[in-house]
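Please examine the sequence and the model shown here. The report that follows describes selected features of the two chains.

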Amino acid sequence: MTIKAGWEMVVGLEIHVRLNTQSKLFSGMRASYGAEPNTQVSFLDAALPGTLPVVNQKAVEYAIRFGLSIDAVIAPLTVFSRKNYFYPDLPKGYQISQMDYPIVGPGRIEIEVDGGSKVIDITRAHLEEDAGKSIHDKYDRYSAIDLNRAGTPLIEVVSEPQMSSAKEAVAYMRAIYTRVTHLGICDGNLQEGSFRCDANVSVRRVGDQNLGTRAEIKNLNSFRFIEKAINFEAKRQIKLVESGGLVVQETRLYDAEKNETRSMRSKENANDYRYFPDPDLLPIVVTAEMIAAQKARLPEFPEAKKHRYIQSLGLKEAEAHTIAHDLALSQYFESAQEQTKAKADLNAKFLLGEMTALLNAEGVDISQSRIDAHAYAGVLEALAESHISRKIAKQVIETMWHSGQSAAEVIESQGLAQISDVSALIALVDQVLANNPDQVASYRDGNDKMFNFFVGQIMKQTKGQANPVQTKTLLEEKLK
Amino acid sequence: MIQLSIREMAQLLRDKQLSIPELCSIYFDRARAFNQQTNALLKINCDIDPAELLQAEEALLDESKLLAGIPLVHKDLFCTQGMVTTCGSRMLENFVPPYDATVVSNLKDQGMITVAKANMDEFAMGSSNEHSAFGSVQNPWDLTRVPGGSSGGSAAAVAARMVPVATATDTGGSIRQPTALCGVTGIKPSYGRVSRYGMVAFASSLDQGGVMARTADDCGIVLSAMCGHDHKDSTSHPDAAWQWNLPTLKNLKGIKVGVVIDWIDGLNDEGVKQSTIKAIDTLRQQGAEIIDVALPHAHLAVSAYYVIAPAECSSNLSRFDGVRYGHRSIDTADLETLYVNSRSEGFGEEVKRRIMVGTWALSSGYYDAYYLKAQKIRRLIAEDFNKVFEQVDVLAAPVSPEVAFKQEEKADGVSMYQADVFTIPASLAGLPCLSMPIQSVHGLPVGLQLIGRYFDERSILNVAHQFQQVTEWHKAMPEAYK
């Protein structure tokens, strides 16, 4: 969708990344997703009187690692603050977050849109704890509270308002997503809310230097919805302003079913959060050693990886790009490559071709593949050694998927190995030529098409297992 | 028996001249008998807890554990596992913590026996113990007078020898002021010396657990057992472990004691003034060098404190919302009324006043003018102390400008706040300080405050111990409780 002529939109995003640490941000309680309600709640998580927070060092390390991945300034001193408001799923009556001294200062990230690239500035990223969950639709007269999520660690990444289309916003969100999943600090599970964002959207007439009044769309957790929500919101604001109305600063909710945004609360009803430094937690001094330790753990990011695939492995640009930008796929690809003599090019082509087709047919992604990288390497090996053709290989992986056998076992048990035994092939060629004297005569009269007829006959008799290269060479010799 | 020191009781128990149950029953009996007049204690245990007795008997075999079998009460804001912890509030009337505060478990490890929980001003807010939801505490020296607060129950209990030891907490003077008004000895250690884990928070950056007992030596022994680094409290100091030993010197030669002359001159109560001057004179006679010093920003301390402490309390007390535990109003229509009615019914007037003040001080548009400015004053006061401690080892100062006042004499909060003028500066700077009894006025106790360098509890306890070697005030007891 393009925006109405004469208008432009301005978008800034606040992305919440749930860190995949073992325990919560300030208590030793497990922070895993999906447990029975209220089974992962410590005394602190329930805010019993007298309990005190102790910061999870791992979360601090993850935040530093993230900061380094976006070329950000890491604060030498970082402070936790309390954000005060009442809500039943916020047990302490305040959320421990960061205000004046966030751990990650200004940074930047490059995004690619429509073949071009653009740098988006990141204002800051800070550590904070998540709230619990309120469930309003389970019981008739009551609301239920699940505190399992209360206190799980998040980093909130705040961008400058520098995106000028929903597409750019999605590209930015994807770029951050790629970073945090490659860093291994977030499981990237969108459905479980491990990666979600709030979008600040405003519109203005082209050429206008001032920003329009913005509305904030809360809790978007899908790349598709965020694009739709932003486009809807921009359209709504333009329509409103053109008809003489004013955009009010407010929080809005996106309804995916109706594809519209609705007002949640306006600024007049907004809380005064009364931020102040949390006196239960001392400021954290981030040392050069702490930063160096995280720098050493930075992984290779997709841009560099793509470059390496092209330069050292000889992959084509498009294939290198696709594999390098998908962490699970690239890990699978590289793991298989280490275990086979097959060329990387064959690996890439087969992975993105037959293998991806199979995954799509099964409706799963590579991380859920029933053929692990080792088993897959076995298929590549058989291809490289010319034991099977690619056509047969497709059949082999389909069987492997359901039987759980190795490639060698499938080839062996179903007799799929190519016939490369020259004496066996000579006998076959002789037999086919003897059985089809008319066709041989026709070929010798100059009908070249007949050559493929002989190949077809041989393949038919061998159920496709005859080595095609050898078959052709032998035929050419016999028909001379 | 009730005049024995901890060291003397420990010796009797080890010599088997006295058993732990015998010792404790004396105090259990006194606690029950005297509580009717003083209301110092909230929940008195029926008898010795069998598990505690077992631990005490075992600790008795360890020569180093002087506290084995010694009875005590805990201020009712220390969480005690399985035992109601009210914080003096209707809000927590039925709250039974599932865990012990670190202070409580540390003292249990030493074999101490819990007699009761001590009454207190609600959530430790007050200087008279008239703000307890479970009735005010009477001063054993004169039942018509207040014992001070907020640890008034702890102070009254030790003063009437209902127990030899009581834990207490101090945010702006809550150990020192009741200690002075009840004629006992009490120490507030340096911030970070004693774990705050399991202490219901009032103002986190100021709250510090401490102890009251008869003498400085007793306080030193108990403090050694209470303190230490606690990984559950991020503000606990890594080097918090510390051990008090009796000093070998018998005088104060070479010790420099600073006196803020303005503070003494400014005392309106002539009795308190003369008593304070005389006590400082005693220190001089014992060999101490008395040096005049100034704390130029100390007069701003009360104002700064009554911004910072309420600000922190307004946030700390948000968790009492009627949702998970604590008082929940039965008069609710929706979430809003659940909050409003539960909190309105659960909190007393002084607590509400401070929540309101603190909420105001943190609100947008006022934060810089109040909270940030108060923090600046706090830093200036700490710097004043740093300068003073370049010249002296210990500061001697009044605790309260007056003796125990009559119940209901100070009806409004603000006039009560002014009584904290001498205790708040050291609190803001996080310094160790104690109060010990000096010459009484018209039969009512007076205290002298000793303030030390950060983490130098030893110097103030030493000065107090030497003073108690040549004076008898710490042995004085109200007639009715002898």
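## Helix α7 of chain B

In chain B, helix α7 is followed by Gly228(B), a residue with a positive phi, near 130°. The structure is a predicted model, in which local features need pLDDT of at least 70, side-chain atom pairs count only at pLDDT 80 or more, and totals for chains, interfaces and linings use all residues. Residues are numbered from 1 along each chain as its sequence is written, while chains are lettered from A and ligands numbered from 1 in the order in which they are written.

Helix α7 of chain B covers residues 216-226, and ten of its eleven residues are buried. A residue is buried if 20 or more other C-beta atoms, placed from the backbone, lie within 10 Å of its own; it is exposed at 12 or fewer and partly exposed in between. Among the buried residues of α7(B) are Asp217(B), Asp218(B), Ile221(B), Val222(B) and Leu223(B). Helices (H or I, at least four residues) and strands (E, at least two) are DSSP runs, numbered from the N terminus.

## Domains of chain B

The bounds below come from an automatic or database domain assignment.

| Domain of chain B | Residues |
|---|---|
| Domain 1 | 6-253 |
| Domain 2 | 299-373 |

The centres of domain 1 and domain 2 of chain B, taken over C-alpha atoms, are 27 Å apart. Between them, 20 residues of domain 1 of chain B are in contact with 18 residues of domain 2 of chain B, a contact being two C-beta atoms, placed from the backbone, within 7 Å. The side of domain 1 of chain B that touches domain 2 of chain B comprises ten nonpolar, seven polar and three charged residues. Here Ala, Val, Leu, Ile, Met, Phe, Trp, Tyr, Cys and Pro count as nonpolar, Asp, Glu, Lys and Arg as charged, and the others, Gly among them, as polar.

## Chain A

Chain A has 15 helices and 15 strands. Of its 480 residues, 41% count as buried. The radius of gyration of chain A is 30 Å, whereas a compact globule of 480 residues would have one near 23 Å; the value is taken over C-alpha atoms, and the globule rule is 2.2 Å times the number of residues to the power 0.38. Along the principal axes, the C-alpha atoms of chain A fill a box of roughly 95 × 55 × 55 Å.

Chain A also holds an open sheet of three strands in the order β4-β3-β14, with antiparallel pairing. Its edge strands, each pairing on one side only, are β4 (94-97) and β14 (276-277) of chain A. Strands pair if DSSP finds at least two bridges between them. Strand β3 (residues 81-84) of chain A joins β14(A) over two bridges, and Ser81(A) has Pro277(A) in β14(A) as its bridge partner.
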